[in-house]
Amino acid sequence: MKNRTRALAVAGSAALLGTLMAAAPAPAAPAAPKIASVHGGGTVHYPYVPASHDIRFTVDAESVPFSRPLKAENLEQGLPTDARGRVTVYHAMPDENVTAVAEAEVDCLVTGGRTATVTAVVRSSNVGWEGRRIGLSIQDGERGAPDRVGFSWGIVNVDAKPDGSVAQPTVGTCMAPAPFTEVTKGGFKVTPAPLAPRPKPQP
């Protein structure tokens, strides 16, 4: 009788285990890798121009790792910071009766927390910036803090010569200063993501 009771208990345990295994959800598919991005637009306060000036930036940038091959050793597949999108710079100067506008194609994006650095090459402009790479840093404010923007001209990126003369150096990919201006209207959303792993070499 004991042996029969034990056999029934084992059979019952096996049946219960089978039921639990059948009811268990299938393993979840691996999550798609997170994509870094910056989206938004805003007016900034820049203390080195008259208060009547209106300076705005719009940014729509998305990471596309290893999509821009370069003719250099170890860079044939591109960079993990390769990106696409568009940047618009708008600067109205009523005192000079001029409004400067530049449209640029994004080529690089890197994030760290709620801060991103974006570079873009100007494709059209009414102030002679065609072909020039510009750099922007964007900080997505938190806990009520304002968003902030930095840009690679004006007060930064000046190559001072020993004789005191200056030159405007080029801007490398993903190079921009700290976000030194405050956004007074509008805002930006920074979605951070880790750098993508380097793809395996092609056979």
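Cys-174 sits in the loop between β9 (166–167) and β10 (181–191), in a model that is predicted. Its phi is near 60°, a positive value in a residue other than glycine, and with a relative accessible area of 9% Cys-174 is buried.

**Positive phi in the loops**

- Cys-174, by contrast, counts as buried because its relative accessible area is 9%, where the cut-off is under 20%.

**Asp-107 and its surroundings**

- Asp-107 belongs to strand β4, which spans residues 98–112, and this residue is buried, with a relative accessible area of 9%.
- The side chain of Asp-107 makes a polar contact with the side chain of Arg-133, at 2.9 Å.
- Once neighbours within four places in sequence are left aside, the residues in contact with Asp-107 are Arg-68, Thr-81, Asp-82, Ala-83, Thr-119, Ala-120, Val-121, Arg-133 and Thr-173.

**The largest pocket**

- The largest pocket has a volume of about 230 Å³, and its lining is made up of 14 residues, of which Val-89, His-91, Ala-100, Trp-129 and Trp-153 lie nearest its centre.
- Two or more residues of this lining come from each of β2 (54–63), β3 (83–93) and β4, and β4 gives the most, with three residues.
- Sorted by class, the lining of the largest pocket holds 12 nonpolar and two polar residues, with no charged residues.

**The second largest pocket**

- The second largest pocket holds about 180 Å³ of space, and of the 15 residues that line it, the closest to its centre are Lys-34, Ser-63, Pro-65, Pro-194 and Ala-196.
- Here too the element that gives the most to the lining is β4, with three residues, so that the strand holding Asp-107 gives the most to the lining of the largest pocket and of the second largest pocket, while the buried state of Asp-107 itself follows from its 9% relative accessible area.
- By class, the lining of the second largest pocket has 12 nonpolar, two polar and one charged residues.

How values were computed
Residues numbered from 1 in each chain as written. Predicted model: local features only at pLDDT ≥ 70, side-chain atom pairs only at ≥ 80, totals over all residues. Heavy atoms only, no water. Helix = DSSP H or I, 4+ residues; strand = E, 2+ residues; numbered from the N terminus. Buried < 20%, exposed > 50% of the residue type's maximum accessible area, 1.4 Å probe, protein only. Polar contact = N/O pair within 3.5 Å; in protein donor to acceptor, adjacent residues only side chain to side chain. Contact = heavy atoms within 4.5 Å. 1 Å grid on protein atoms, 1.4 Å probe; cavity = no way out; pocket = protein on both sides within 12 Å on 5 of 7 lines; lining within 4 Å. Points joined across faces, edges and corners; volume = space filled by probe spheres on them. Nonpolar A, V, L, I, M, F, W, Y, C, P; charged D, E, K, R; others polar.
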